[in-house]
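Let me put the model up, and then I'll walk through the interface and a few residues.

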2 protein chains.
Amino acid sequence: MSQKTRSFLLVKRPRGMLSQEAFALNHSEISDPERGEVLVRAKYFSVDPYMRNRMNDVPSYVAPFELNKPLEGDAIGEILQSKSDEFIIGDLVSGVFPWQEYFVLPAKRIHKIDTDIAQDTYFLSVLGLTGLTAYFGMMDIGKPKHGESVVVSGAAGAVGLVAGQIARLKGCYVVGIAGGEHKTKYLSETAGFDAVIDYKNVANVRKPLRKILPDGVDIYFDNVGGEISDSIMYILRDYARIILSGQISQYNSGRLKTGPRLLAQMIVHRAKMQGFIVHDYRAEFAKAQKELAGWLKQGKIQQPENIIEGFEKLPDALLGLFSGENIGKQLVKV
Amino acid sequence: MSQKTRSFLLVKRPRGMLSQEAFALNHSEISDPERGEVLVRAKYFSVDPYMRNRMNDVPSYVAPFELNKPLEGDAIGEILQSKSDEFIIGDLVSGVFPWQEYFVLPAKRIHKIDTDIAQDTYFLSVLGLTGLTAYFGMMDIGKPKHGESVVVSGAAGAVGLVAGQIARLKGCYVVGIAGGEHKTKYLSETAGFDAVIDYKNVANVRKPLRKILPDGVDIYFDNVGGEISDSIMYILRDYARIILSGQISQYNSGRLKTGPRLLAQMIVHRAKMQGFIVHDYRAEFAKAQKELAGWLKQGKIQQPENIIEGFEKLPDALLGLFSGENIGKQLVKV
């Protein structure tokens, strides 16, 4: 028996802003799983900004997507056939899966998810790679202390939203930077941020930041880079920590952008800046998921999810990250 | 009795490149020390790049120099009169002293130096603030491990020279970047650097760096900033540490310079960048000085000193740091 499937291939490496041209919908048949493999039906795909980087043919911490092969991303699915002792039909699983409706993978590349601790989609959002990125960045690099001031850029995104809420529940004063009234209203009214700046509504975030935080910033959780990050450099407090989680303002830039050289500020304020990759914390994922699930149950963390229906909408959903008005996690339901 | 003295005042805040215009030689008389104070005759002054920053009227970790008051810097001197129980006439002392031949200071602002562990001038170089900057930056932030690759910019300067030698004695492969044959020859032939790049002799240090370190850089001890630092960002190894010690390439720049935005590289390589101020380690100075003095005695560290004679040469000596051909520590003998 073979299974028909649709998949999305990367057919053209984008230059500058991502567009539909990069993708092609493909029809194929896949064979039955062999020993140690499973057949999975995809249920939800997560789309994330870092995927834009994998479309460039540049070595990085994950290999670039290959041309004319399916893209892949964080996803959950259901086991349809199993030739592995670890899984039985009906198991819900997560992993980095190809952009296909059905696929066969070695069992070691997938993980069972425990819907007793949270609903399945949460394993792609607050308990998935984005929530875990927020968790380990804030807890391990930021190390928030009660009463400290925290700024989160890209605060309405899947990572920023969780990062800001973790800082809040640790007793920090949290300022979110996001674009547009829809997002900023959500951050202050629902997610409980102490202050919010709509960067689309001001010439420069530096002035409102100084007003909100006259004593400066202890922790900056950076998802965007660029000019917003420049503004933070002028208001660092001594021993500030800058968590480099993403640089989304730079990802669709065909050429390298330039900006002011501000590192002397880091000497003056003995500041630390650190990049990190969530996969390095894999051994601690289960423990972190338990803690995050507890915060969810206590209502200390909100996790809005936007779910687009239809496998064929995957490229739209990814494009929407760079222009969209959505808050929190963007998912595609197959 | 009063003591006549010469002093150098800051009479004009420089814009851009520092020049003689900033300084004026002044003659005055100072009164006898009061209870808890001492009268000191200056013996040697250290001139250091960070002093350029204190000439700007910008708040920083040390207050800016005041206009029409004496500049001040790291120095050693001899006690001439003491109204303190802690010092007797003839004691050799160090501290941050005004640019005067004679001055009165509270005893708590000066420290006795122990010439049993090293000659007096070493308390302004390898055992002084510059040597200690190298020590704490390399040891506490860099944490060099045997076999790692280290790049030091400004490698022939007072800080860089000690930083590179410490990394070498910890078993690292150390590449120094400096300007001019005089400096690079010294670094490779006398100070034992494994490789040296003369940045004045190449269009861009990126290419020679890649050739010398095809596997990249584990530790970058940065004294200069600017384009040299940009080159390092392209060859970071995973978990690289960037020690922000100085940004001398930026200090004489009237306006803020710009450069490429390269922080995404720090995410890819999980790199850490940290600024620091040596004064934060004051409680550990004595222990570090003992260790450094031991390395000196064993011949594991060289400390060349350039000594200009004459109090009136202080401005020249400081200016020379930004253009000079000198290796190691620049001192002025009063």
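**The A–B interface and some residues around it**

So, chain B and chain A bury about 2,900 Å² between them, and 61% of that is on carbon and sulfur atoms. Buried area here is the accessible area, with a 1.4 Å probe, that two parts lose on being put together, summed over both. Three residues, B:Arg261, B:Ile267 and B:Arg270, supply 27% of what chain B buries against chain A, more than any other three residues.

Quick housekeeping. This is a predicted model, so local features need pLDDT of at least 70 and side-chain atom pairs count only at pLDDT 80 or more, while totals for chains, interfaces and linings use all residues. Residues are numbered from 1 along each chain as its sequence is written, chains are lettered from A and ligands numbered from 1 in the order in which they are written, and side-chain values use heavy atoms, with hydrogens and water left out.

Back to the interface. Chain B puts in 33 residues and chain A puts in 33 residues, with contact meaning heavy atoms within 4.5 Å. How many salt bridges does the rule find across the interface of chain B and chain A? Four, where a salt bridge is a side-chain nitrogen of Lys or Arg within 4 Å of a carboxyl oxygen of Asp or Glu. A:Arg270 forms a salt bridge with B:Asp280, and the closest N and O atoms are 2.7 Å apart.

On chain B's side, α6 (226–233), β12 (236–244), β13 (258–260), α8 (264–268) and β14 (272–275) each supply at least two residues that touch chain A. Those labels are DSSP runs numbered from the N terminus: helices are H or I, at least four residues, and strands are E, at least two. By class, that side has 16 nonpolar, 10 polar and seven charged residues. Nonpolar is Ala, Val, Leu, Ile, Met, Phe, Trp, Tyr, Cys and Pro, charged is Asp, Glu, Lys and Arg, and the others, Gly among them, are polar.

Now look at α6(B). Seven of its eight residues are buried, so α6(B) is largely enclosed by the rest of the structure. Buried means under 20% relative accessible area, exposed over 50%, partly exposed in between, with a 1.4 Å probe and protein chains only. Among the buried ones are B:Ser229 and B:Asp230.

B:Ser229 is also one of the residues that B:Asp222 touches. B:Asp222 sits in strand β11 (residues 217–222) of chain B. The B:Asp222 side chain does reach the backbone nitrogen of B:Val224 at 2.9 Å, and it makes a polar contact with the side chain of B:Gln247 at 2.7 Å.

Last stop, B:Thr121, in the loop between β7 (111–112) and α2 (129–142) of chain B. B:Thr121 is buried, with a relative accessible area of 3%. Its side chain and that of B:Gln119 are joined by a polar contact of 2.9 Å.

Methods: A polar contact is a pair of N or O atoms within 3.5 Å; within protein, one must be able to donate a hydrogen and the other to accept it, and residues adjacent in sequence count only if both atoms are side-chain atoms. Lists of a residue's contacts leave out its neighbours within four places in sequence.
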